[in-house]
Structures are given as structure tokens and as C-alpha cells.
Amino acid sequence: MSLTLSKKLHSLLTSSTRVVVFTGAGISAESGVPTFRAAQGLWKEFPVEKLATPQAFAEDPVRVWQWYCWRRELISKTHPNAGHRAIVRFEGFFDDFHLITQNVDGLHGFAGSRRMLKLHGDIWDVICSSCERSRLELTPVLSPLPPRCQCGGILRPGVVWFGEALPSRVFAAAVEAASKAQLFFSIGTSAEVYPAAQLPQIAKLHGAYVVEINVERSALAHIAHEVLLGKAGEILPELTGCLRDTPQGLALAGA
Ligand code: BJW
Ligand code: ZN
């Protein structure tokens, strides 16, 4: 695939210092992690209200944990792809760069992204429902289920379910980054889940140039200044491939 950059995007890529990348499940699709809302997505096979709500966990923690163990095992066999790696390169290009992700799979971190705002938590964290202590638990399949904390409380996956508030400091930092961004990329998200889906809107309202990268137009496409249709793992390396460091700052390769 060969990407032709618009003049505007070309100019913003070389002149912007405040850049935000906002990702969803589509960035990990090429690694083999299922997305949520596609025809073969997670929600088509498993009803969300039975698995990703606090009510579902209260009703049947073992059922919920079985689903999370299955996903943890699946994700543990995957690797970051060219899209994740291109975003790591972005971090070095722009003075004030923020990666905001809705993903819980950890692949951005495994690729080498150092600073991330994780809006929906992390599937590798476990939190005690009683004492609220949290810890990283990298063994994919836990046994016995449900796992228990040393205080005796039931441990839960460290993710944000429907009806739960996003971590307030993380969301506030994401809103601030979106508000200050000159260039905002929304990548591989259907932009249907709120409040995360407000971020591209906030960025646009504050003057950012909003670019969507997706295999199909999402719910936010109508507000984006540009939609780059295609796989994130193909488009993102083309974008970073255009850029090189110069002593004066950024330039386009070959310029
Ligand atoms: C590719 C590709 C390739 C594929 N390259 N692209 C209005 C305002 C505020 C809230 C609400 C509201 N209306 C309704 C709500 C409530 C609710 C909500 O948004 N519901 C909507 C469904 C309508 N929101 C909430 O409940 C949130 N909490 C909340 O609002 O709290 C209020 C509160 C305040 C104070 C006290 C108490 C409460 C919480 C939302 C939590 C979402 N959690 C999940 C599960 C996380 C854990 C887990 O993984 O198990 O997060 S749901 C799921 O959706 C997951 C994702 O992060 C999230 C977004 O999905 P995403 O990433 O966009 O994936 P897909 O599958 O939808 O899209 C993939 C895209 O990739 C597609 O577009 C493809 O085309 C594309 N693609 N291959 C590029 N190769
Ligand atoms: Zn505890």
C-alpha cells in the first residue's frame, strides 16, 4: 500500500508538537486479538450484559472469570504488530505526545510505548472487590476461580465495565491532552463507547485536526477532517516512514 498524504496532514506532521493518538480494538486486530463489535466480534458471541458489567460479576463471578481467562490466554499468545510499533516511534517524534488507549490487552506497552493513558484499565491487573488492593497477574489462566485476595475478598479483572466510572485522573489527563492537541489520530475504534468517544469531539472543538484511521468509516468519521481507510498496521508505518529526525526538528523523508 502506498499512502499519499494530503498537504494539510503533511504540513501538520512536520510542524505539530502536541499530538494525540487515541486507539481502540482495531489496532490489535492484526495481532489476532478479536474486536468487540465486528460480525465475528466478542459481543456477537458473548452477550455484554452477562460478562462486562458489575451486575454480571456479582451474579456469577466464575462465568465472568472464565471468559477473562480465555481472553487472557488468547492475548498471551499474540504479539504487538507494525501499528503498535509505529506508535512507539511517534513518541520520539513529537515533543508533547500522548497515547490514549481504550484497549486492555497491554500490547502498546509490550511494543515499547512508555507513557499511556489507559481509559478502560488493563486485563493483566487484578483488583480486590473488598480491600481494593490491585496487582499485576501475568499468569493467563487463574485457578481456582474466582481467585481470592489475601484478605479473603474476591479478585476481579482490573478493567472498566459498562456502568462503571473511568479512572478519574486518567480521563481528566486524556481530556486535557485532547483539548491541547494540534493533531489528533483516532485509530481502530468504532467510537461508540462513551465517555471515551467524546475525546475526538473535544479535540476538534479545541481546534485539533482530527484524522481517523480505520478499515471502515466509524461513528466519528463525519466529524473527522480526514479518514484514512485501511489497516492501522499498514497505514501507521507509512506515516512514520515519511518522517525523519533532523537537527532542526522534523522533516519529511526525502525533503
Ligand atoms: C480496524 C482494524 C484494523 C478493525 N485497522 N481499524 C453517553 C455518555 C456517557 C456514557 C454513556 C453514554 N451513553 C451510554 C453510556 C454508557 C456506556 C456506553 O458508552 N454505552 C454505549 C454502548 C452507548 N458507557 C459506560 O458505561 C462507561 N462508563 C460510564 O459512562 O460511567 C458513567 C459513570 C459515572 C460515574 C459513576 C458511575 C458511572 C464505561 C465504558 C466501559 C467500556 N468497557 C469495555 C470493556 C472493557 C473491558 C474488557 O475488554 O473486557 O471497553 S466495552 C468495549 O468497548 C471495550 C472497548 O475499549 C470499548 C470500545 O470498543 P472499540 O475499541 O471501539 O472496539 P470496536 O470493536 O467497537 O471497534 C473496533 C474498530 O476497529 C471498528 O471500527 C473496526 O472497523 C476497526 N478495525 N480492524 C484499523 N486492522
Ligand atoms: Zn483484599
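Here is a short chat about reading a metal site and some aromatic contacts in this predicted model.

Visitor: Let's start with the metal. Which residues coordinate the zinc ion (ligand 2)?

Guide: Four cysteines do it, each through SG: Cys128, Cys131, Cys149 and Cys151, at 2.2 to 2.3 Å.

Visitor: And how do I read the geometry of the site of the zinc ion (ligand 2)?

Guide: Start from the ideal: four tetrahedral donors would give angles of 109.5 degrees. Here the angles among the four donor atoms run from 102 to 121 degrees, and the site is tetrahedral.

Visitor: How are the donor residues spaced in sequence?

Guide: The pattern is C-x2-C-x17-C-x1-C. Cys131 sits in the loop between strand E4 (121-128) and strand E5 (134-136), while Cys151 is in the loop between E5 and strand E6 (155-159), so this pair ties together parts that are 20 residues apart in sequence.

Visitor: On to the rings. How many aromatic pairs are there?

Guide: The count is 13. To read a pair, look at the distance between ring centres and the angle between planes; planes under 30 degrees apart count as stacked. Take Trp43 and Trp67: they are 5.8 Å centre to centre with 25 degrees between the planes, a stacked pair.

Visitor: Where in the fold do Trp43 and Trp67 lie?

Guide: Trp43 belongs to helix H3 (residues 42-45) and Trp67 to helix H6 (residues 61-76), so the contact ties together parts 24 residues apart in sequence. Trp43 counts as buried at 18% relative accessibility, and Trp67 is buried at 4%.

Visitor: What about Tyr68 and Trp161: why is that pair called tilted?

Guide: Their planes are at 55 degrees, with centres 6.3 Å apart, so the pair is tilted. Tyr68 is in helix H6 and Trp161 in the loop between E6 and helix H9 (168-180), which puts the partners 93 residues apart. Both Tyr68 and Trp161 are buried.

Visitor: Which residues do ring pairs link into a cluster?

Guide: Phe36, Trp43, Phe46, Phe57, Trp67, Tyr68, Trp70, Trp161 and Phe162.

Visitor: Last one: which charged residues sit over the rings of Trp67 and Trp161?

Guide: Arg71 lies over the face of Trp67, 4.5 Å from the ring centre. For Trp161, the charged end of Arg156 sits over the ring, 3.9 Å from its centre.

Key: Residues are numbered from 1 along each chain as its sequence is written. Chains are lettered from A and ligands numbered from 1 in the order in which they are written. This is a predicted model: local features need pLDDT of at least 70, side-chain atom pairs count only at pLDDT 80 or more; totals for chains, interfaces and linings use all residues. Side-chain values use heavy atoms; hydrogens and water are left out. Donors are N, O and S atoms within 2.8 Å of the metal (3.2 Å for Na, K and Ca); water is not among the atoms, so sites may look incomplete. Four donors count as tetrahedral if all angles lie between 85 and 135 degrees; four count as square planar and six as octahedral if opposite donors are over 155 degrees apart and all others between 65 and 115; anything else is irregular. Helices (H or I, at least four residues) and strands (E, at least two) are DSSP runs, numbered from the N terminus. Rings of Phe, Tyr and Trp (its six-membered ring) pair if their centres lie within 6.5 Å; planes under 30 degrees apart count as stacked, over 60 as edge-to-face and the rest as tilted. Buried means under 20% relative accessible area, exposed over 50%, partly exposed in between (1.4 Å probe, protein chains only). A charge sits over a ring if NZ of Lys or CZ of Arg is within 6 Å of the ring centre and within 35 degrees of the ring normal.
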